Amino acid sequence: MNKQLSILPAFRYSIKGYLKSSVVFVGIIILVFLFLAVLMGILSSQTTAGSISGGSFEFSSFIFLLVIGIVAIREDLRMLIQHGLGRRTCFISSLLCAAVIAMALAIFAELLSTLLIAISANYQNIAVSSFTQMLFQTESLSFAQHLLAVIINFSIMLCSYFVGMFCSLVFYRLPKYWKLVVAIGVPAFFVILMPLFSQTKIGAAFFAALSKFLDKLIELIAASSWYLVLFVLIIALVVAGLCFLLIRRADIQPSSGQ
């Protein structure tokens, strides 16, 4: 019972930082869209067509949750452990914070896209496209499709958060020497070694098999939006499990000011 109660103060402490960052992020996005709306209004009197992409907010949110996962976990983990809370409590608190923020941003993204589409209907020379429209390949969405879009956005945002957390915790555990090796080695692997490997017979065969596998996987996911949700949530669950294992073994260092 005490462990359950300890989650509440941990959640209250962590969610404050998440909310502040999210408010700033949403504010910037709103200002950007207002600027684009004014710009398109000016250009609409001079041109015959214009375009505003509402789907960019969803993609921006995916990146935002990725960055939050990278930067938030270390400080939260350090502060909560120093105040006597367990690592499992810290992990559950981070999971709850991520779920709350991801759901809030997913709902806001769908409302913003719907609002922009409704406003653009009054202007023949301004077209608004959204991530939801690209997903369902239709301009008019039902209420059920809007709900499904929120679930899809939520699952991708949550997955992005755990991927960011995983990257942060891996670097957190590595010695300084290995941090440098990984920082240099990973880009070199994808930019230099992989193209060279693909030119060999073994590499060509490997990438051909990988391409076939990915094609079948994409076909399966494209068959139903729920398959996409399930696939993304499975990835999120696996990465979250790895994050929990890393948190249990992380060597917590005191803050530089202490």
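Arg-173 is found in helix H5, which spans residues 143–173; helices here are DSSP runs of H or I with at least four residues, strands are E runs of at least two, and both are numbered from the N terminus. The model is a predicted one, in which local features need pLDDT of at least 70 and side-chain atom pairs count only at pLDDT 80 or more, while totals for chains, interfaces and linings use all residues. Residues are numbered from 1 along each chain as its sequence is written, and side-chain values use heavy atoms, with hydrogens and water left out.

The chain comprises eight helices and two strands, arranged from the N terminus in the order α-β-α-α-β-α-α-α-α-α. Of its 258 residues, 36% are buried, where buried means under 20% relative accessible area, exposed over 50%, and partly exposed in between (1.4 Å probe, protein chains only).

Arg-173 itself is partly exposed, because its relative accessibility is 42%. Together with Arg-88, Arg-248 and Arg-249, Arg-173 forms a patch of positive charge on the surface. Patches are built from residues with over 30% relative accessible area and no salt bridge, joining like charges within 9 Å and nonpolar side chains (Val, Leu, Ile, Met, Phe, Trp, Tyr) within 5 Å.

Side chains of opposite charge can pair when their charged atoms come close. The structure holds one salt bridge, defined as a side-chain nitrogen of Lys or Arg within 4 Å of a carboxyl oxygen of Asp or Glu. This bridge links Glu-75 and Arg-78 at 2.7 Å, N to O. Both partners belong to helix H2 (residues 56–82) and are three residues apart, about one turn of the helix. Glu-75 is partly exposed at 35% relative accessible area, whereas Arg-78 counts as buried at 12%.

Finally, what is the place of Ser-93? Ser-93 lies in helix H3 (residues 87–120) and is buried, with a relative accessible area of 0%. A polar atom of the Ser-93 side chain lies 3.3 Å from the backbone nitrogen of Phe-11.

How values were computed
Areas by Shrake-Rupley, 256 points an atom, 1.4 Å probe, with all protein chains shown as cover. Lys, Arg positive; Asp, Glu negative; His and termini not counted. Charge placed at Lys NZ, Arg CZ, Asp CG, Glu CD. Polar contact = N/O pair within 3.5 Å; in protein donor to acceptor, adjacent residues only side chain to side chain.
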